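Colleague: Could you take one part of this model and walk me through it slowly, contact by contact? I would like to see how that part sits among its neighbours.

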Amino acid sequence: MNIFKDKFSDLSTKIKQYKSKEMLEAVVAGCALVAYADGVVDQSEKAKMMGFIQNSPELSVFSMSDVVKSFDNFMTGFGFDLTIGKAQALNAMGKLKSKPEEARIAVAVAISVGGADGNFDDSEKAVVREICAVVGIAPEEFGL
């Protein structure tokens with residue numbers, strides 16, 4: 001969708017500026033939360049998610065092995081206990097609360113992942129609103 005491409009065209013530059021383990025965890029946590037928005041990440045969804053991350057210039061600044069390991073850790077948390085897994089992912093996002101520019105970038109990446117298939121649905125939007133609440137950013141900044 002052009003809205004995602006246009007709105008986040010400078011995302012790569014900004015992410016490179018804030019490259020850190022904390023940023024990686026927050027970005028992947030947001031992606032995992034959006035991917036799991038409907039309650040299940042089946043194999044095709046995981047493949048789509050990993051494909052997006054692998055081919056995304058915005059996320060290529062991170063080692064793919066670190067991205068995959070982090071994503072799998074969040075998925076394991078969701079599988080063990082949804083409430084605990086979600087809390088862990090939101091906690092990773094919450095570490096950016098005192099860093100609003102980094103938080104905005106992580107939210108933007110989550111939105112990009114949600115819209116990667118051309119359908120940013122209501123469950124994905126609801127998760128992004130929850131992420132916004134955790135990082136202290138008004139969802140209206142992102143049109144939600």
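Modeller: Happy to. Let's start at Glu-124, which touches Val-34, Ala-37, Gly-114 and Asn-119 once residues up to four places away in sequence are set aside. Please keep in mind that this is a predicted model. Glu-124 belongs to helix α8, and its relative accessibility is 11%, so this residue counts as buried, the cut-off being under 20%.

One of those partners, Val-34, leads us to the pairing of α3 with α8. Helix α3 covers residues 21–35 and helix α8 covers residues 122–135; their axes come within 8 Å and cross at roughly 145 degrees. The handedness of this crossing of α3 and α8 is right-handed. On the α3 side the contact is made by Gly-30, Leu-33 and Val-34, and on the α8 side by Glu-124, Val-127, Val-128 and Ile-131. Sorted by class, the contact of α3 with α8 holds five nonpolar residues, one polar and one charged.

Leu-33 deserves a stop of its own. This residue sits in helix α3, and with a relative accessibility of 4% Leu-33 counts as buried. Apart from neighbours within four places in sequence, Leu-33 is in contact with Val-127 and Ile-131, and also with Phe-78, Lys-86, Ala-89, Leu-90 and Met-93. Phe-78 is 45 residues from Leu-33 along the chain, yet 9.2 Å separates their C-alpha atoms.

Helix α3 also packs against α7. Here the axes of α3 and α7 come within 8 Å and cross at roughly 35 degrees, and this crossing is right-handed too. From α3 come Met-23, Ala-26, Val-27, Gly-30, Cys-31 and Val-34, and they meet Glu-102, Ile-105, Ala-106, Val-109, Ala-110, Val-113 and Gly-114 of α7. By class, the contact of α3 with α7 divides into ten nonpolar, two polar and one charged. Gly-30 and Val-34 are found in the contact with α8 as well as in the contact with α7.

Helix α7 itself, residues 100–114, has 15 residues and reaches 21 Å from its first C-alpha to its last, close to the 21 Å expected at 1.5 Å a residue. Twelve of the 15 residues of α7 are buried, so the rest of the structure largely encloses this helix. Among them are Glu-102, Ile-105, Val-109 and Gly-114.

Now back to Phe-78, by way of helix α5. In α5 the buried residues are Val-67, Ser-70, Phe-71, Phe-74, Met-75, Gly-77 and Phe-78. Viewed down the axis of α5, these buried residues fall within an arc of 155 degrees, so they line one face of the helix. An α-helix has 3.6 residues a turn, so residues three or four places apart point the same way. On the other side of α5, Ser-65, Lys-69, Thr-76, Gly-79 and Phe-80 are exposed.

As for the setting, the protein chain comes to eight helices and zero strands. Of its 144 residues, buried ones make up 44%. Among contacts in the protein chain with a separation of 6 or more, 76% join residues 24 or more positions apart.

Definitions and conventions:
Residues numbered from 1 in each chain as written. Predicted model: local features only at pLDDT ≥ 70, side-chain atom pairs only at ≥ 80, totals over all residues. Heavy atoms only, no water. Buried < 20%, exposed > 50% of the residue type's maximum accessible area, 1.4 Å probe, protein only. Helix = DSSP H or I, 4+ residues; strand = E, 2+ residues; numbered from the N terminus. Arc of directions from axis to C-beta. Axes fitted to C-alpha atoms, helices over the stretch in contact; angles between N-to-C directions. Left-handed = near helix turned anticlockwise from the far one by under 90°. Contact = heavy atoms within 4.5 Å. Nonpolar A, V, L, I, M, F, W, Y, C, P; charged D, E, K, R; others polar. Expected span 1.5 Å × (residues − 1).
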